[in-house]
Structures are given as C-alpha cells and as structure tokens.
Amino acid sequence: MDKIKGNGEIRVGVYICHCGTNIAGRVNIKEVVEFASKLPYVVVSREYKYMCSDPGQELIKNDIKELKLNRIVVASCSPHLHEHTFRKACEDAGLNPFNFQMANIREHVSWVTKESKEATEKAKAMVRAAVYRVVFHESLERKSQEINPNVLVIGGGIAGISASLVVADSGKKVYLVEREPSIGGHMAKFDKTFPTLDCASCILTPKMTQVKDHPNIELFTYSEIEEVDGYVGNFKVKIRKRARYVDVEKCVGCYACIEACVYKEGKFPDEFNEGLSKRKPIYIPFPQAVPLAAVIDPATCIQFLSGKCKRSCQQACERGAIDFDMRDEIVEVQVGAIIVATGFKTFDPSRIPQYGYGRYQNVYKSIEIERLVNSSGPTGGEVILRDGRKPQSVGIIHCVGSRDKNYNIWCSRVCCMYSLKLAHLIKERTHAEVYCFYIDMRTPGKGYEEFYHKLMEEGVHFIRGKVAEVTDWAITPEEEGKLVIRVEDTLIGVVRRIPVDMVVLAVGLEPQPDADEIRRLLNISCSKEGWFLERHPKLAPVSTFTDGVFIAGACQGPKDIPDTVAQAEAAAAEALSLIDRKKIELEPNTAWIDEEKCSGCHICIGLCPYSAISYNEERKIAVINEALCKGCGVCVAACPSKAAQQRLFLDDQIYAEIEGALL
Amino acid sequence: MKDNKFEPKILGIFCNWCTYLAADLAGVSRMDYPSNIRIVRTMCSGRVDPQFVLWGFKNGADGILIGGCHPGDCHYIEGNYKTLRRYLILKRILREMGINEKRLRLEWISASEGEKLQRVVREFTEEIRNLGPISEDRAFKLQLAEHKK
Amino acid sequence: METYVRTIKYEKELDRSFTKEILSIPGCEGLTNCIQCGTCSGTCPVSIYMDYPPRRIIAMVREGFKDEVLSSKTIWLCASCYACTVECPQNIKITDIMYALKRIAMRERRYPKGFPIPILAKAFFDIVSNKGRQTESKLVMNVWLKISLLKILKNSLFGLKLLRKGKLHFKEEKIKDRESLKLLLEEVKK
Amino acid sequence: MRENRKYFYYPGCSLKGTSLAYEKSLLAVFKYLGFEAPELPDWNCCGATSYMSIDEMSAFSLAVRNLAIAEKEKRDIVAPCSACYMVLNKAKKYVEEYEGVKDVIFKGLEKIGLKEHFKGDVKVRHPLDIFINEIGIENIKAKIKRKLNGVRVFSYYGCLLVRPFTDFDNPRYPTMLDNLVSATGAETIESALKTKCCGGSLTGTLENVGLRLSYLILKEAKRKGAHLIVTVCPLCQFNLEAYQDRMEKIFHDKLGIPVIFFTQILGVAFEIDGKELGFNHSLIYPDILYQKALV
C-alpha cells in the first residue's frame with residue numbers, strides 16, 4: 001500500500017449489495033459496510049438491496065459526481081455476471097470504467113459458506129482485497145476492431161438450418177457445415193412430430209430446400225471443422241471437405257449410378273434407416289436429401305478395396321460426376337461469429353444388458369421405430385417384426401439410459417412425448433395392445449398434456465414402473481415365444497410379467513461423442529455431463545464464455561423441436577446483433593514492455609502463444625504487438641526484469657489484492 | 001472457530017476461464033466449502049508470477065492453491081503448461097527455503113467441475129489445517145531466531 | 001357387524017427419529033434419493049412373497065413408518081442377493097438398508113414371532129462368535145430345535161442322504177486363537 | 001503395487017462342510033496348473049449374511065481379521081465361496097469409504113495386534129478371476145487333455161459373485177464363466193437366469209420360497225436343453241442339487257440335472273481323477289462328462 005503513485009487524491013466508494021437475501025441472508029452487511037468505511041482511501045461505504053438495479057446504479061453515479069469519487073468497488077456477485085453493468089455505470093457518471101473493481105461475495109462467499117460469522121469475515125477480506133487493488137487502477141482506453149460480417153454454423157440439423165436461414169435472410173453470408181452427406185439431422189428421420197402429429201418431412205423439407213437455394217448460404221456437407229483460430233469478430237476457420245467421390249455440382253441425383261453399381265442389391269447397413277435396410281457402396285442417403293447427390297463409401301466400395309471394379313457407376317453417369325481420385329479438401333473461411341448446433345446422439349441401449357437389445361431381435365430402439373412407422377422407411381410405414389409378423393402386443397419402455405445414475409442422470413425431456421407419439425402410431429398401424437412403462441410422465445408443453453389424455457382415451461396401458469428386465473424366459477405357456485417384461489406396477493404395488501411381441505426402448509439423448517473436440521476447437525466449456533455450457537442458464541442461454549461463439553439446440557442439452565428452433569433463432573439473433581455492431585471493443589488487458597527495464601533477454605518471446613512479441617534488433621529490446629496480444633500475461637509472469645506488464649493485471653494491483661485478501 | 005483448531009489462511013489464485021468459473025458454479029450449485037480460502041483472479045494461470053506465491057506466504061497465507069484449465073484446454077493455448085513448469089520449480093525453491101512444499105498446490109479444474117473445486121478446497125484446507133501455521137515452518141523459525149538476535 | 005380397519009396415518013404416529021437413525025448408518029445414506037421407480041421390486045427375486053415390496057419399504061422408512069417396517073416380513077425375506085443395489089437408478093444400497101432394518105428389528109425384538117429367518121441369524125451369530133467358524137450340521141440342528149422337533153424328523157432322511165455322501169459331518173470347526181477373536185468382538189461392540 | 005502376487009486360499013465354512021467337493025476339485029486344479037495358495041492361517045468365518053443381520057461392526061471385524069492376517073504375510077486372498085468373496089470385499093470397501101467403520105475396526109485390530117499390518121492393500125479374488133486374468137484362458141486351453149465337445153452346459157453365476165463389488169466381469173451380464181467353460185470344448189447356454197438368486201439360505205428357512213427359486217433355474221436349464229449346470233458357489237450348488245427330488249414332488253416335474261462346480265468340469269477336462277475332484281460327493285452323478293462318445 002505504500003507504493004501508490006502520486007496521481008492525485010484517491011477517493012474510493014464501496015458498495016455492498018444484499019442481493020435480496022442471497023448475500024444478506026448469510027453475510028452481516030452492516031458489519032461489512034462499517035469495516036469498509038475504515039479502509040484506506042475509502043470516502044464512502046454504502047449498502048443497497050440490489051446494486052445492479054437502476055436505483056443501485058444511480059447511487060453510484062450520484063456519489064461519483066457529488067463526492068468526487070475516482071475509484072469504485074462493488075461487492076456483489078461474480079464479475080462474469082455484472083462487471084460490465086457497473087463499469088457502464090462508472091462510465092455514465094464520467095469516470096473511466098477501469099477505475100472499478102468487483103468483489104465476489106455471492107458465488108464465492110454467501111452461497112458456499114454455512115456459518116454466518118465465517119461468511120462475514122470472508123466478505124470483509126474480499127472487500128479489502130478489492131479496495132487495496134482499486135487504488136492502483138488507472139484509466140484505460142478500449143481498442144476497437146472491425147467485425148467480419150460472415151457467420152459460421154456448425155451442424156445441419158433443424159437447429160443449424162433454422163439459425164442459418166435467419167442469419168442469411170438478414171443479408172449476411174452463412175457457411176453451414178454438416179458432417180453427414182445430407183443436412184436434416186435427426187428430424188429428417190421422423191415420420192410425425194408430437195403433439196400435433198404433423199408430418200416431419202412436410203415441415204422440414206421446404207426448409208432444407210431453402211438452405212440449398214439461398215444465395216447467402218454456402219453449404220458444406222460431408223465436411224468437418226478442422227481448426228479455429230482468432231477471436232470474436234475475426235475467426236479464421238479451416239473446414240475439411242471430405243472426399244465424397246461424387247461432384248455435388250455435377251450430380252443431379254438421378255440414381256443411374258446407384259442402379260448401375262456392381263452390387264445388384266444393397267448389402268451394407270443403411271445408416272439413415274438405422275440399419276433396418278441395406279444400401280450399396282454408392283448411395284443417396286434419402287430421397288429428400290440436400291444436396292441430392294450420391295456419395296461413395298470407400299469402406300465398402302470394391303474400387304477402393306481392391307482397385308479392380310468395373311466402375312459401372314462411373315460409366316452410367318452421363319455428367320461425369322464420379323471421381324475416384326477425389327481428395328479431402330481444406331477450405332479456409334473468415335467469420336465474425338460462430339453458431340454451434342451439433343445436436344445429440346441417442347443412448348446405446350446395449351449398455352443395459354437386461355433389456356436385451358442386440359440379443360433379442362424384437363427389441364428395438366425408438367429411433368428404429370421412427371423409421372418403421374415412416375412411410376418412406378424400410379417397410380413403407382408398416383410396423384412389422386423382423387420376421388415379417390405384425391406385433392399383437394408392444395411394450396414401450398421409457399427412460400432407457402436416462403434418469404439413472406448407472407448411465408445418465410438427466411431426464412432426456414423428449415422421450416415421454418415421443419413414446420406417446422409412437423404408441424399412437426403403432427396402435428394406429430397395428431391395432432396392437434400397447435403398454436407404456438414410465439417412471440413419471442413428463443408432458444410440460446403446449447398441447448402435450450392434452451396429447452397424453454388422448455392416448456389414455458385410445459386405450460394405451462400406462463404402467464408406472466421402471467422395467468426390471470426383458471427376457472425370453474417363459475414361465476407359463478402363454479409366455480413361450482414372447483418377450484417377457486418384468487416390472488413392478490408401482491401404482492398397484494404388484495410385480496407383473498407382461499408377454500409382448502415387440503419391445504421399444506425409448507432411448508435418451510446424450511452429447512455427441514466428439515463434443516469434446518468441438519469444445520476444444522472453439523475454446524468453450526462443457527457441463528460435466530458433456531453438454532455445451534451456456535454463459536448463464538437463464539440470462540444468457542445461447543451465449544458461451546467465449547465471445548462470438550453461440551450454441552443452439554440439443555448440443556446444449558436435451559430439447560424438443562420447438563425449443564430447438566426457438567434457441568436456434570435466438571442464437572442467430574445474438575450473432576446478428578454482434579455483427580451489426582460493426583466494431584467490437586476489446587478488453588484493454590494487453591501487455592506492454594517497459595523499454596527502460598527490458599534487458600533484451602528473449603525469455604518472453606518464446607513464451608507468447610500468439611507470436612505477438614518480437615525482438616527489436618536496433619534497440620535490443622522486446623516489442624509487443626498489441627493487436628496480436630490476447631492478454632494472458634504469461635510473458636509478464638516470466639519477465640525477470642519486470643519490464644513486461646499487463647494492463648488491468650499490473651503486478652502492483654495483484655500484490656495489493658493478495659495483501660488485502662489475507663486479512 | 002470449531003474446536004479451537006487452527007484455522008489457516010488460504011489464498012486461491014484462479015484463472016478467469018476455468019477455475020474461477022468452477023468456483024462460480026460451486027456457488028450457483030450451493031456447494032459449501034471451508035471459508036478459509038480467498039480467491040484472486042488472473043486471466044490465465046500462466047500469469048501467476050512465482051513472486052505472487054512468495055508474497056502470499058509473506059503476507060500470512062498458510063497455503064496457496066493455484067487453479068488452471070486442464071492440460072490442452074487452456075484459453076490461451078498453453079499457458080497452463082508454463083504454470084506447471086513454474087510450479088515444479090517453485091516447489092523446489094520453497095523446500096530450499098524451509099517452507100513445507102505441501103503448502104502450495106496446483107490443480108486443473110474446469111468450468112464445469114464445481115464438485116471438484118469443492119473437494120479440492122476441502123481437502124487442501126484440511127491438509128493445511130493439519131500442517132499448522134506457516135510460522136512454524138523452518139524458514140520462519142529461522143527468521144524469528146534472526147530477529148531475536 | 002363388520003369392522004373396518006382405519007388406515008389413515010396421523011403425523012404424530014410417525015417416528016422421524018427412526019428415519020434419521022437409518023440415514024446415519026453406513027450404506028443407508030442414499031435413502032432420501034428414491035424416485036419410487038420400482039426397479040428394486042421388479043428385480044428382486046423374492047419381492048413376490050413380500051408383504052411390502054422393497055420400494056414401499058424405502059418410502060415408509062423415509063417417512064417414519066417405523067412400526068410397519070420393523071414388523072414386516074419383507075426385511076427378513078431379503079435374501080441379500082444385491083440385485084436391487086446394482087440396478088437402482090439412484091444407487092441406493094437397498095440391501096444395506098434391509099440389513100440395517102433387520103438389526104434394528106432384532107435389537108427391539110420386533111421381528112415376526114416364530115419366523116425362522118431371524119432364528120437362523122441368531123444361531124449363526126452365536127456359533128461364529130464363540131468358535132470363529134461355522135459348523136453347518138450344528139447350525140441346522142440348533143435352528144430346527146428352536147423351530148420344531150417335527151422338522152428334525154421330517155428332514156432326517158435328507159440328512160442321512162447328505163451324511164452318506166460326505167456332505168454333512170459333525171466334527172466341530174473352530175479357530176485356534178479364540179481368545180483374540182473374543183477381544184476383537186468385544187472391542188468393536190463398545 | 002506388489003510384484004509377483006502370492007495368495008492364500010480362504011476356504012470359508014461351506015468348503016469344509018457341504019462343499020468338500022469344491023475344495024477338493026479347486027485344490028486339485030490349482031495343483032495341476034501349478035498355482036500355489038496355502039490355506040490362510042487360522043482363518044475365521046467371514047461374517048456372512050446372517051451375521052450382518054445382527055451386528056454390523058462385528059460382521060465387518062470378522063471379515064477384516066482375515067484380511068489383516070493375509071496382509072501381514074503380504075499375500076492376497078483367493079475366496080472360492082461367492083458369499084465369502086462378496087463379504088470380504090464389502091468389508092474392505094466399507095473400511096475404506098466410511099470413517100466411522102474404519103475407526104471402530106482399527107480399534108479392534110489394535111487390540112489383537114493386527115492394526116499395523118493392515119493398510120487395506122490386500123486383494124480378495126475369486127478363483128474364476130484367477131483362472132481368467134492371472135493364469136489366462138490360453139494357458140488353460142493348452143493344458144486341456146479331454147475336450148468336452150457336445151456337452152451342453154448351463155453356466156450359472158448365482159448372485160453374489162458378480163454383485164456388487166466385482167470388477168472383473170459385468171455385474172448385469174457376466175461372461176467369464178461361459179468363456180472358461182467354452183475353453184473345455186463344452187457348449188454354453190445363453191439364459192436370462194444366469195445371475196438369478198437360487199434362494200440362498202431361504203431354502204433352509206422358508207422352504208416353499210427357496211425351493212421355487214431353485215426350481216425355476218433348473219426348469220429353465222431343462223427347457224434350454226442343458227446336460228448339466230456348472231456353478232461357482234457352494235450354496236447354489238447345494239440348493240440346486242440336494243433338493244431336486246423334493247422339487248420333483250412339489251412341482252410334478254422330472255429333473256435329475258447334475259449340478260457341479262466349475263473346478264470339477266475343468267478337472268475333467270484336465271483328466272484329473274474323479275475322486276480327487278470330489279465326484280464321490282455328488283448326489284446326481286454327471287455321467288455325461290465321462291461318456292466315451294466325447295473322446
């Protein structure tokens with residue numbers, strides 16, 4: 001504290017927030033206010049119910065003007081939440097916003113401390129640390145940078161499609177990257193959507209076509225993100241266009257190549273039909289695919305396996321679209337904002353052996369049934385067992401892989417509703433007896449509960465109980481040849497054995513297996529379950545902690561189509577709002593070199609991850625290019641002569657903060 | 001406080017992007033932990049100058065916890081690797097100085113690991129509580145002895 | 001005249017301290033997490049013989065229905081096969097809770113009278129506490145003596161069959177250092 | 001981690017009583033494979049399930065005394081009885097996980113001079129785990145002299161071996177026993193009942209309950225065309241074999257299915273003498289294993 005520079009009289013104002021009872025319920029505010037008022041340089045110390053509210057901010061602004069305060073400390077929540085708010089208030093009152101420091105006495109004190117006395121002591125220490133630190137703060141200027149107006153959207157499911165269209169319609173350029181050969185995602189596989197039972201492809205296909213035809217959308221299918229560089233407003237993105245061996249520009253989707261393939265019949269599991277039908281090595285994923293173009297799977301194509309195929313597909317293509325020599329291609333694009341909409345994966349039920357998936361052929365995953373009931377699916381919409389029989393009784397098991405600490409703890413949110421939908425469709429197509437086994441029926445949504453009632457009227461048996469096992473173990477003659485579901489009917493309190501022909505496992509939603517790679521590429525965070533983490537669960541649901549990167553749809557957590565679209569459009573709006581600012585102000589926490597102290601030792605140069613530091617041969621000193629500096633401070637910590645310094649994180653500021661914190 | 005046991009002072013220096021956010025998350029999730037820790041924020045754990053640590057001990061910290069992003073997850077590409085290198089050297093220096101090296105700990109705690117933060121702070125506080133005040137370490141005893149002369 | 005049994009439960013008839021006691025026992029801490037899904041009952045091989053399925057026992061313990069729980073046959077029917085514990089989606093150690101309930105029922109002598117399972121447990125306990133090992137023939141005789149002499153007669157042919165095949169013998173099994181076993185058991189019971 | 005693990009054999013009460021055949025065949029097979037495991041000195045009852053119903057800490061202390069004796073000699077334990085295996089592992093885990101349990105048990109161990117010998121390093125393993133993960137299925141295959149082709153085996157794990165503290169197999173759908181039995185050339189039968197409870201001690205106390213559980217397993221084995229049942233647990237073997245004539249009367253069903261230990265079927269494949277394998281204790285003799293047609 002003795003080292004304060006002589007830049008005029010220092011007048012600190014301290015403001016302690018109650019945050020309703022969030023802080024005041026644990027911390028003795030009066031004591032902290034009293035304590036703060038006695039700290040050095042403190043002119044005024046006040047409390048208020050909600051500092052972030054208008055009257056709270058007014059209090060600060062008035063004091064700045066009337067008491068000539070030139071340093072402000074607010075002790076309230078995390079700076080990640082309201083630092084911005086209070087800096088703005090300082091600025092409004094004519095004080096440089098960087099003469100401000102925040103003490104986090106909510107997240108780091110009142111919410112994590114049981115004893116009131118301890119919490120009060122800790123709050124005092126945090127306030128002291130902030131006051132000691134703010135004394136060393138100085139006025140700083142923000143630098144601004146231009147924002148690239150293009151937007152990258154990762155993932156071409158309903159979330160990515162919706163976000164792309166909103167952004168593109170506003171006149172901005174969109175790069176939409178999808179890793180499958182067609183956009184459409186999971187929704188393209190569904191027949192009907194709950195609770196309205198409107199046809200999924202009737203509402204999705206027009207949107208897919210719009211994407212294809214939109215002048216502002218550049219579509220990259222069968223492509224993945226390779227590298228992301230840069231920061232908000234100026235991202236450089238490398239996209240790997242995987243070789244599809246069919247030129248999308250030339251292909252018209254006439255199927256001639258597929259008919260000509262040396263395989264007369266499909267032989268390999270069809271991914272789009274969840275393996276319920278077979279495809280050839282050259283195929284079009286589904287008739288409404290966008291782009292409507294064939295793709296060759298090199299893992300099954302004879303030409304790629306042996307090099308000795310007749311290449312009848314190539315000969316059949318009049319437009320010469322097939323190119324066996326095609327290679328992966330890297331395309332680099334520049335964008336100002338990124339929307340991540342990478343979706344989810346369905347739970348693999350073979351992880352629960354007692355449900356018999358993979359062992360009993362009439363145990364299905366729900367997504368397989370979506371294909372079975374789909375009129376463009378492998379059976380033309382007929383619900384039949386693998387041996388061709390029509391099931392007379394069907395059991396639908398909810399919460400498979402969800403709400404279970406042995407697998408995934410979360411509720412997948414969509415399973416109750418899609419199970420009801422499948423129950424309806426199966427009943428409609430087969431007139432079978434349908435049993436739904438649920439733990440809790442979760443139908444919060446517009447028209448959802450009504451749909452549940454409709455199903456009850458239709459005569460579906462609703463049995464409350466988590467199924468213990470599905471077996472082929474027959475005890476009675478009626479059970480022979482059937483799958484037996486054993487469950488406690490918890491509403492009656494009796495264990496039941498129910499023989500059925502078909503079992504449907506309502507599998508839950510999981511993060512994509514490679515979500516972690518996307519997370520690293522974009523420098524965003526995941527929740528511990530693996531879903532992408534939003535900046536704030538309520539107030540910033542589509543932002544991330546990395547500026548300029550937004551998230552939409554099920555990659556953030558399980559959600560249904562309406563919620564996904566709402567979030568996608570919100571993410572698009574956020575991205576547009578960012579881009580339309582044209583310029584972005586950067587946090588002035590960059591480093592610089594004190595030329596007089598620099599000995600030219602080179603230590604910092606090798607450390608900088610952004611190559612922002614160079615050596616000036618003439619003056620024999622290091623020089624930092626502040627446009628490249630991102631403000632990590634690694635060079636500062638390493639500089640042996642203290643020549644490197646970082647704004648907002650000056651050594652003196654941190655020393656003072658540490659001293660103050662150790663009350 | 002409880003049982004008149006020694007209550008250590010603990011300084012936490014957390015990076016802005018991972019561990020500081022984990023502490024925020026622990027708060028939002030109401031995961032309580034001992035109040036001994038005082039948290040100071042730097043943008044990257046790579047900003048932690050070894051002198052911060054020494055300054056902390058000098059100013060009465062009985063234990064110092066540095067928190068950074070997991071290897072490979074650093075917001076600034078590889079600042080945390082530099083932290084690790086410095087940390088290892090710093091531990092040796094502390095040993096030489098006669099300060100128990102257990103008083104300094106480095107942990108990788110990501111933004112989603114509120115639970116880990118709680119666990120680490122609990123463990124570390126307990127460990128330091130058992131070690132006793134830093135003034136009982138050799139370095140400080142020597143200093144005190146010097147002083148008396 | 002027909003009599004009707006009143007089934008309403010008043011708050012004052014519940015024993016909340018019972019719930020607290022169970023919660024404090026190692027292994028029983030997960031009790032409050034139960035979502036009443038019935039996996040335990042459905043998985044349990046003997047739930048079909050129980051007066052209350054395990055799911056209801058958990059619910060009753062949680063709400064302090066001490067009398068019903070301690071006098072139930074359920075806790076004694078549990079064969080401790082751990083199937084419920086493995087499958088419980090909330091990772092509640094149901095088998096451990098059943099053990100805890102058995103112990104309290106024994107302590108308070110609340111188990112169903114003449115029910116053979118607690119008798120076996122007690123006989124087992126006594127032999128092992130004294131000898132350090134179990135002698136199966138002795139255990140069976142002790143239990144049968146307590147239940148009914150008739151049972152011995154009824155099972156004598158069965159016993160003979162086992163004797164002939166060397167599956168049953170009357171040599172008493174015991175450990176050498178019974179002194180230290182006694183010390184150990186006394187110490188941990190304090 | 002200790003190099004070159006050494007083992008003690010922990011018989012438990014059953015292997016000295018109703019399941020002498022298990023002890024004989026296990027030791028014979030161990031000898032044949034050159035696996036050394038002397039009997040744990042002055043071992044005591046593991047505490048088992050009944051003991052746990054009376055007093056928790058006494059039950060844990062009984063189990064831990066055995067662990068401490070083994071650890072004193074720096075050896076691990078092989079426990080062939082599923083109940084002993086589970087109980088010993090459970091005691092170890094609870095001492096590790098619960099301070100309250102640890103404090104009491106350590107106080108007890110101190111009293112009998114075993115505290116300083118017990119850190120909780122000792123491992124408790126089942127012979128099945130040893131065969132698969134220590135000796136190795138390939139090594140076992142190489143030593144097989146008599147292939148048991150054509151024998152249909154219902155491999156029955158029972159409950160406690162795989163639940164809930166086992167780490168060497170999937171507790172919901174174990175396969176290790178099937179793998180081992182297949183190594184002899186015998187065919188194993190897929191069944192949902194392979195980990196279902198046999199009734200345990202209920203067969204002795206509530207006969208109608210226990211017998212029905214055992215009967216369902218036998219019935220399923222019969223339905224799936226099994227020649228014999230192979231098991232890893234003394235109580236399962238006893239329940240499934242000894243009461244078959246009684247079940248036949250109650251359930252009006254013809255059974256007569258041999259129930260043997262997995263060590264016995266291995267012994268047959270190794271051509272160890274039947275008496276050494278304890279077949280003289282069998283109530284239902286597994287003729288099928290000795291039919292000439294197999295050779």
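Two residues are in contact here when heavy atoms lie within 4.5 Å. The model is predicted. By that cut-off, the contact between chain A and chain B draws 53 residues from chain A and 52 residues from chain B.

How much area do the two chains bury? The size of an interface is often given as the accessible area lost when the parts come together. Chain A and chain B bury about 4,600 Å² between them. Carbon and sulfur atoms account for 58% of that area.

In one, A:Glu83 pairs with B:Arg41, with the closest N and O atoms 3.4 Å apart.

Look next at the side of chain A that touches chain B. The elements of chain A giving two or more residues to it include helix 3 (79-92), helix 5 (116-134) and strand 34 (644-646). Helix 18 of chain A gives the largest share, 7 residues. By class, this side has 24 nonpolar, 15 polar and 14 charged residues.

Now turn to chain D. An open sheet of 4 strands runs there in the order 5-4-6-7, with parallel pairing. Strand 5 (187-188) and strand 7 (259-261) are its edges, each pairing on one side only. Strand 4 (residues 152-156) and strand 6 (residues 228-231) of chain D pair over 4 bridges. D:Val153 stands opposite D:Leu228 of strand 6. Helix 13 (residues 262-269) of chain D lies across strand 4, strand 6 and strand 7. This helix runs at about 80° to strand 7.

Technical notes
Residues are numbered from 1 along each chain as its sequence is written. Chains are lettered from A and ligands numbered from 1 in the order in which they are written. This is a predicted model: local features need pLDDT of at least 70, side-chain atom pairs count only at pLDDT 80 or more; totals for chains, interfaces and linings use all residues. Side-chain values use heavy atoms; hydrogens and water are left out. Two strands pair if DSSP finds at least two bridges between them. Axes are lines fitted to C-alpha atoms, for helices over the stretch in contact, and angles run from 0 to 180 degrees between N-to-C directions. Buried area is the accessible area (1.4 Å probe) that two parts lose on being put together, summed over both. A salt bridge is a side-chain nitrogen of Lys or Arg within 4 Å of a carboxyl oxygen of Asp or Glu. Ala, Val, Leu, Ile, Met, Phe, Trp, Tyr, Cys and Pro count as nonpolar, Asp, Glu, Lys and Arg as charged, and the others, Gly among them, as polar.
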